[in-house]
Amino acid sequence: LRPLSRAALRERLEGKIPPERQEACIALCGGSWAEALRLAEDDEMFAIRETAAEVCRHFAGRKNPSLFEMETRILSHEKRILDMLFAMAGLFRDGLYWKLTGETALLSNPDQRETAEMLAEHFTTSALRYIIEILLERYEKKQSFPGYKNKLMVEGMLFQIMEVKAA
């Protein structure tokens with residue numbers, strides 16, 4: 001089966017998913033109706049996405065953001081740290097996409113457009129790319145080595161991102 005278009009998914013999901021979750025589910029499901037329905041029921045995923053957006057806005061909106069506060073927020077979802085890293089990478093990707101195109105059509109997180117705009121405004125193109133690399137590198141490392149300590153990984157990641165921000 002071919003993946004469904006966003007328009008077809010929107011039509012099929014109308015009334016089956018809460019309206020505030022519909023666009024996010026459509027963007028994240030890869031064209032799968034079943035996956036969109038599964039995502040809509042994953043309350044923790046939406047909490048993770050919101051926490052990721054808060055952390056990203058914290059990075060963008062403050063000259064000297066509190067690393068402790070961001071670490072605490074990220075680790076509040078420690079059992080699903082991979083989802084947190086993926087969500088953060090997606091938001092920075094949206095910031096890069098916004099910066100390069102100024103369009104919203106292909107945002108991974110259409111419900112977080114303001115966060116994408118804020119990241120695009122406060123980071124250079126190269127900084128956004130490097131931060132995405134940092135996040136995906138940590139994602140891959142954690143996936144490959146599940147015993148890798150989350151606290152140490154997050155601390156190192158945050159320090160690396162702060163170095164990019166300071167440059």
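1. Classes first. Ala, Val, Leu, Ile, Met, Phe, Trp, Tyr, Cys and Pro count as nonpolar, Asp, Glu, Lys and Arg as charged, and the others, Gly among them, as polar. By that scheme, the lining of the largest pocket divides into seven nonpolar, three polar and five charged residues.

2. Basis. This is a predicted model, in which local features need pLDDT of at least 70 and side-chain atom pairs count only at pLDDT 80 or more, while totals for chains, interfaces and linings use all residues. Residues are numbered from 1 along each chain as its sequence is written, and side-chain values use heavy atoms, with hydrogens and water left out.

3. The pocket. The largest pocket holds about 250 Å³ of space. A pocket here is an open set of points on a 1 Å grid over the protein atoms alone, where a 1.4 Å probe fits, with protein on both sides within 12 Å along at least five of seven lines; lining residues have an atom within 4 Å of a point. The volume is the space filled by probe spheres set on the points, which are joined across faces, edges and corners. Of the 15 lining residues, L28, F86, A87, G90 and N109 are the closest to the centre.

4. Who lines it. Helix 3 (33-40), helix 4 (43-61) and helix 6 each supply at least two lining residues. Helix 6 gives the most, with six. Helices are DSSP runs (H or I, at least four residues), numbered from the N terminus.

5. Helix 6 with helix 8. The axes of helix 6 (residues 81-101) and helix 8 (residues 125-144) come within 9 Å and cross at roughly 160°. That makes helix 6 roughly antiparallel to helix 8 (the cut-off is over 145 degrees). Axes are lines fitted to C-alpha atoms over the stretch in contact, and angles run from 0 to 180 degrees between N-to-C directions. The contact (heavy atoms within 4.5 Å) includes F86, F92 and R93 of helix 6 and R129, R138 and Y139 of helix 8. Its residues divide into 15 nonpolar, three polar and five charged.

6. Helix 5 with helix 6. Helix 5 (residues 67-75) packs on helix 6 at an angle of about 125°, with the axes 9 Å apart. The two are therefore oblique to each other. R73, I74 and L75 of helix 5 meet I81, M84 and M88 of helix 6. Five of these residues are nonpolar, none polar and one charged.

7. Helix 4 with helix 7. Helix 4 and helix 7 (residues 113-122) pack at about 30°, with their axes 9 Å apart. That makes helix 4 roughly parallel to helix 7 (angles under 35 degrees; oblique is what remains once 65 to 115, roughly perpendicular, is also set aside). A53, C56, R57, A60 and G61 of helix 4 touch T115, M118, L119 and H122 of helix 7.
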